[in-house]
Amino acid sequence: RAPDVETDSTGTAIARHPGDSTRTLTVTAGADGIATKSVRWQQNTGDVIPGEYTLRVGKGVTIGGVVRDESNQSVGNVKISLAGLGTPGDQPSRDRLPFSQIDLTSDANGRWEFHSLPQGFGSFNVTVSHPDYIENRYLSDGVDRAYAGERVKMETLLQTNAVFTLRKGLAVTGRVLTDQGEPITGAKLLLGDSRFGRNPVQART
């Protein structure tokens, strides 16, 4: 991924890429109150990566909510990740997504807002994570029904009062030993369904 760049007073920005060796190029633009938008070129499908491109964007829609624990107490400084979802098995639908992932942080009272959702877009998930709690993922009610998971109503997101719950979970302890029974110091542990999963719980001995 290339470093982020900002537009100047004329709306112009220069993004650099390797050149002829670039096979896929994705440009995502957005700002507070401006709808996030992405455009992608893939040379293996016959696209020609242009030397110059005008990206036209509209006003963004605000969504938001609050993160609470199982006792209905607010949880502050929570990482909020929004990820656009296409139709399963339909690569073009995923290529047209306005964003792949947006990361935010809630305030001390667990409240968060995102001001750059494109008008009419409602197919995304919201992942809430905090070191002291189990990560939880919600699906907006516009997501294809082929995806399984807890749903959050778009109406409550647009009213910025959607509630997301984090649970403490259970502590798991154990030991890491060599074949000879000697303890291993500094072994990295990943807890999750797969070691390739997103944001697995991590610990070290």
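**Aromatic pairs.** I searched the whole structure, a predicted model, for aromatic pairs and found six. I then examined Tyr138 and Phe164, whose ring centres lie 5.0 Å apart. Their planes stand at 90°, over the 60 degrees required, so I recorded the pair as edge-to-face.

I next noted where the two residues belong. Tyr138 is in strand S8 and Phe164 is in strand S10 (residues 162–166). Are Tyr138 and Phe164 buried or exposed? I found both to be buried.

I also followed the ring pairs among several phenylalanines. Phe99, Phe114, Phe121 and Phe124 are joined by such pairs into a cluster.

**A charge over a ring.** I looked up Tyr133 and found the charged end of Lys168 over its ring. The distance from that charged end to the ring centre is 4.5 Å.

**The sheet.** I turned to an open sheet of five strands. Its strand order reads S5-S4-S7-S8-S9, and the pairing is mixed. Which strands form the edges? They are strand S5 (102–105) and strand S9 (150–152), each of which pairs on one side only.

Terms used: Residues numbered from 1 in each chain as written. Predicted model: local features only at pLDDT ≥ 70, side-chain atom pairs only at ≥ 80, totals over all residues. Heavy atoms only, no water. Pairing = 2+ DSSP bridges. Helix = DSSP H or I, 4+ residues; strand = E, 2+ residues; numbered from the N terminus. Phe/Tyr/Trp six-rings, centres within 6.5 Å; stacked < 30°, edge-to-face > 60°. Buried < 20%, exposed > 50% of the residue type's maximum accessible area, 1.4 Å probe, protein only. Lys NZ or Arg CZ within 6 Å of the ring centre and 35° of its normal.
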